[in-house]
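Colleague: I'd like a close look at the side-chain contacts in this one, rings and charges together. Could you walk me through them in one go?

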Amino acid sequence: EVAIILNAGTDTFARYYHQLHGLSVCALGIQVEDLQVLLDRASHYGYKRYEERTGPHEYHMPAIRAPDGSLFHLLDGEYDLTLDFAINDGPDSGSTGIQRIDHIVRAVPHGQIDSWVLFYRAFLGLEPDATQQFVDPHGQVNSRAIHDRSDRVRLPLTTSVGNRTVVARSLSAFGGAGINQIAFETSDIFVTAEKLRAAGLPMLRIPANYYDELRNSRGVDPSLVDRIQALNILYDADSKGGQFLHAYSTAFDSRFFFEVVQRIGGYDRYGEINAPVRMAAQATPVALQV
């Protein structure tokens, strides 16, 4: 289940966060098996608790402040979203193939990634992978995947030294750390990409030479390459036969963008081989066109 909450309240945490950071993701909600255990763990490690005022019949949704001041709301296993919010499914709801949130990436200022890793480990019990490095046209970007043992919760971190990379531009627009990428898992990326395009979502254009390389150097089935090229979808495969298809929106307000992914055959990475291509496309003005 995927839920994106738009909060236009005048006296809310979201309103004050918007005044400081502009259009941004101010809070994440995580459904947990034992809410009290998480609250006690946060208190033990000194992470501050936040309580939003609730009205009659509203769900009590405790939250913990993250290092950047944003919130992690903790929801128990019986939480029902429809009790608190007006649900707008939009046209053709359910036909896009989107199933769940696959991962959420946070851009972090250089030198602060260790404090975020500590937060995720101490508070949520997540495990960090080794840092990976990618080349943005304007500098080096470092990424560190953070996840639970089942890979159901994935919260990677990215940072860069240069001040003109995609990550650095996100940080500048946010005025600090901020979520700059939300990836949705789909059961059929071709259906999803077609639906998103038909709905008018501007998608990131991938250069033709990327697909030429897939055909000529990486030996990908030409008929598959033709299909993914038509929808600006990127491709990766692992040594066990797993495949990964993913596509990106253009950036909103130079702050964050969406990704849709399809994992096939047990693929469990993030398509890191395509990161330089994606970042180069994001750095190209033509990529901002529909």
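**Rings and charges**

Modeller: Let's start where a charge meets a ring: the charged end of R227 sits over the ring of F190, at 3.7 Å from the ring centre. Keep in mind that this is a predicted model. There's another contact of that kind at Y270, where R154 lies over the face of the ring, 5.4 Å from its centre.

Now for rings against rings. The structure holds 17 aromatic pairs. One of them is F72 with F119, a tilted pair with 5.6 Å centre to centre and 55 degrees between the planes. F72 belongs to strand β4 (residues 71-75) and F119 to helix α3 (residues 113-124), so this pair ties together parts that are 47 residues apart in sequence. Both F72 and F119 are buried.

Then take F244 and Y267. Their ring centres are 4.8 Å apart and their planes are at 10 degrees, and since planes under 30 degrees apart count as stacked, the pair is stacked. It links distant parts of the chain, 23 residues apart: F244 is in strand β13 (residues 243-248), while Y267 is in the loop between β14 (257-264) and α8 (275-282). As for accessibility, F244 counts as buried because its relative accessibility is 0%. Y267 is buried too, with a relative accessible area of 4%.

Y47, F72, W116, F119, Y120 and F123 form one aromatic cluster.

On to charges against charges, where the count comes to 12 salt bridges. Among them is the one between R49 and E51, with the closest N and O atoms 2.6 Å apart. R49 has 46% relative accessibility, so it counts as partly exposed. E51 is partly exposed as well, with a relative accessible area of 36%.

E185 and R100 make another salt bridge, and here the closest N and O atoms are 3.1 Å apart. Since E185 lies in strand β11 (residues 178-186) and R100 in strand β5 (residues 98-107), the pair ties together parts that are 85 residues apart in sequence. Both E185 and R100 are buried, whereas R49 is partly exposed.

A further salt bridge is formed by the side chains of D236 and R218, at 3.6 Å from N to O. D236 is in strand β12 (residues 234-237) and R218 is in the loop between α6 (208-216) and α7 (222-230), so parts that are 18 residues apart in sequence are tied together by the pair. D236 counts as buried because its relative accessibility is 10%, while R218, at 28%, counts as partly exposed. There's also a network: D129, R269 and E272 are joined into one by salt bridges that share partners.

Strand β7 (residues 132-136) and strand β8 (residues 139-144) run antiparallel, with 5 bridges joining them. A hairpin through 2 residues connects β7 to β8.

Note on methods:
Residues are numbered from 1 along each chain as its sequence is written. This is a predicted model: local features need pLDDT of at least 70, side-chain atom pairs count only at pLDDT 80 or more; totals for chains, interfaces and linings use all residues. Side-chain values use heavy atoms; hydrogens and water are left out. Two strands pair if DSSP finds at least two bridges between them. Helices (H or I, at least four residues) and strands (E, at least two) are DSSP runs, numbered from the N terminus. Rings of Phe, Tyr and Trp (its six-membered ring) pair if their centres lie within 6.5 Å; planes under 30 degrees apart count as stacked, over 60 as edge-to-face and the rest as tilted. Buried means under 20% relative accessible area, exposed over 50%, partly exposed in between (1.4 Å probe, protein chains only). A charge sits over a ring if NZ of Lys or CZ of Arg is within 6 Å of the ring centre and within 35 degrees of the ring normal. A salt bridge is a side-chain nitrogen of Lys or Arg within 4 Å of a carboxyl oxygen of Asp or Glu.
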